[in-house]
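Please look through the model below and read the report alongside it.

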Amino acid sequence: MNVKCLSLWQPWASAIAIGSKRIETRCWATSYRGPLLIHAAKRCRVGELRELEQQNFWRGAMFPLVALNDHFRDRLPFGAIVAIADLVDCRPTSEFGYLELEMPRHPDGINPMQALDWCEANMGDFSSGRFGWVLDNVRRIEPAIPYRGFQQLFNVPDNVVAGRIPPTSPRRCPKCGSADHLVTQRPCIRCDYCGYAWRFAFA
Ligand SMILES: [Zn+2]
């Protein structure tokens, strides 16, 4: 058996692995839905990494994987499988709205005065004509599994990742914390306990 895999440049691959990036943007769509391994490309573009790590929102998005005064290239895996997720949706970038793209996020344990907020729109290219691949149930694979990357979606034999995939943690309502009253109504999930509803990818 094989598992589908998608290769990304760093730091985008690790941004997915730690939950800071939830939508991958591509110039092509896929009808595939299901488990998807996230691979970090081997090639390290040092100049680009240096530019990104000087942007406050990138430093926030990569914390705590990369400490605030560390360099991306010293802390990120290259040429390796870094996470597994469920690919749950793929639609044109024009169909994504404020809740998915603009809601600010903030790194845990950092003083908000440091202004390290980022949002999903910072993590991808949502210009028109492209597609957003919506990921859910992301689990980081640590340490990363060295593996060669390929173009497009490619297959990885499941013995490569056997025993290395972390279990799914129970989904919880972001408002009341309940795990027992959630009703899936794609593309949303509703909490029957408190009435809160949210988009699938943000569970
Ligand atoms: Zn609730």
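## Pairing around β3

β3 and β4 pair in the antiparallel sense, over 7 bridges. Two strands count as paired if DSSP finds at least two bridges between them. Helices (H or I, at least four residues) and strands (E, at least two) are DSSP runs, numbered from the N terminus. Within this pair, Ala40 stands opposite Ala80 in β4. β1 and β3 run parallel and are joined by 5 bridges. Strands of a sheet pair through backbone hydrogen bonds, either parallel or antiparallel.

How enclosed is strand β3? Of its 7 residues (34-40), 5 are buried, so the rest of the structure largely encloses this strand. A residue is buried if 20 or more other C-beta atoms lie within 10 Å of its own, exposed if 12 or fewer, and partly exposed in between; C-beta atoms are placed from the backbone.

## Model and numbering

This is a predicted model: local features need pLDDT of at least 70, side-chain atom pairs count only at pLDDT 80 or more, and totals for chains, interfaces and linings use all residues. Residues are numbered from 1 along each chain as its sequence is written.

## Ser7 in β1

Ser7 lies in strand β1, residues 2-8. Ser7 is buried, with 21 other C-beta atoms within 10 Å. Leaving out residues up to four places away in sequence, Ser7 touches His39, Ala41, Gly149 and Phe150. Contact means that the C-beta atoms of two residues, placed from the backbone, lie within 7 Å. Ser7 and Gly79 are 72 residues apart in sequence, yet their C-alpha atoms are 9.1 Å apart in space.

## Overall fold

The chain has 5 helices and 9 strands. From the N terminus on, the order is β-α-β-β-α-α-α-β-α-β-β-β-β-β. The C-alpha trace spans about 50 × 45 × 35 Å along its principal axes. Does the radius of gyration point to a compact or an extended chain, and what is its value? The chain has 17 Å, which agrees with the value near 17 Å for a compact globule of 203 residues. This radius is taken over C-alpha atoms; the globule rule is 2.2 Å times the number of residues to the power 0.38.

Of the 203 residues, 28% count as buried. Among contacts with a separation of 6 or more, 74% come from residues 24 or more positions apart.

## Two domains

The chain divides into domain 1 (2-169) and domain 2 (170-203). These bounds come from an automatic or database domain assignment. The domain centres, taken over C-alpha atoms, are 23 Å apart. The contact takes 10 residues from domain 1 and 6 residues from domain 2.

On the domain 1 side, β4 (80-92), α5 (98-101) and β5 (131-146) each supply at least two residues. β5 gives the most, with 3 residues. By class, this side has 5 nonpolar, 1 polar and 4 charged residues. Ala, Val, Leu, Ile, Met, Phe, Trp, Tyr, Cys and Pro count as nonpolar, Asp, Glu, Lys and Arg as charged, and the others, Gly among them, as polar.

## The β7-β8-β9 sheet

3 strands form an open antiparallel sheet in the order β7-β8-β9. β7 (182-185) and β9 (197-199) stand at the edges with a single partner strand each, so one side of each has no neighbour in the sheet. Neighbouring strands are turned by 25 degrees against each other on average, direction ignored. Axes are lines fitted to C-alpha atoms, for helices over the stretch in contact, and angles run from 0 to 180 degrees between N-to-C directions.

β8 (residues 188-191) and β9 pair in the antiparallel sense over 3 bridges. Here Cys188 stands opposite Arg199 in β9.

## Backbone details

A cis peptide bond joins Gln10 and Pro11, with omega about 10 degrees. Pro11 lies in the loop between β1 and α1 (12-17). Another cis peptide bond joins Glu142 and Pro143, with omega about 0 degrees. Pro143 is in strand β5.

Ala115 is not a glycine, yet has a positive phi of about 55 degrees. Ala115 sits in the loop between α5 and β5. With 11 C-beta neighbours inside 10 Å, Ala115 counts as exposed. Gln152 also has a positive phi, about 60 degrees, although it is not a glycine. Gln152 is found in the loop between β5 and β6 (154-157). Gln152 counts as exposed, with 10 C-beta neighbours inside 10 Å.
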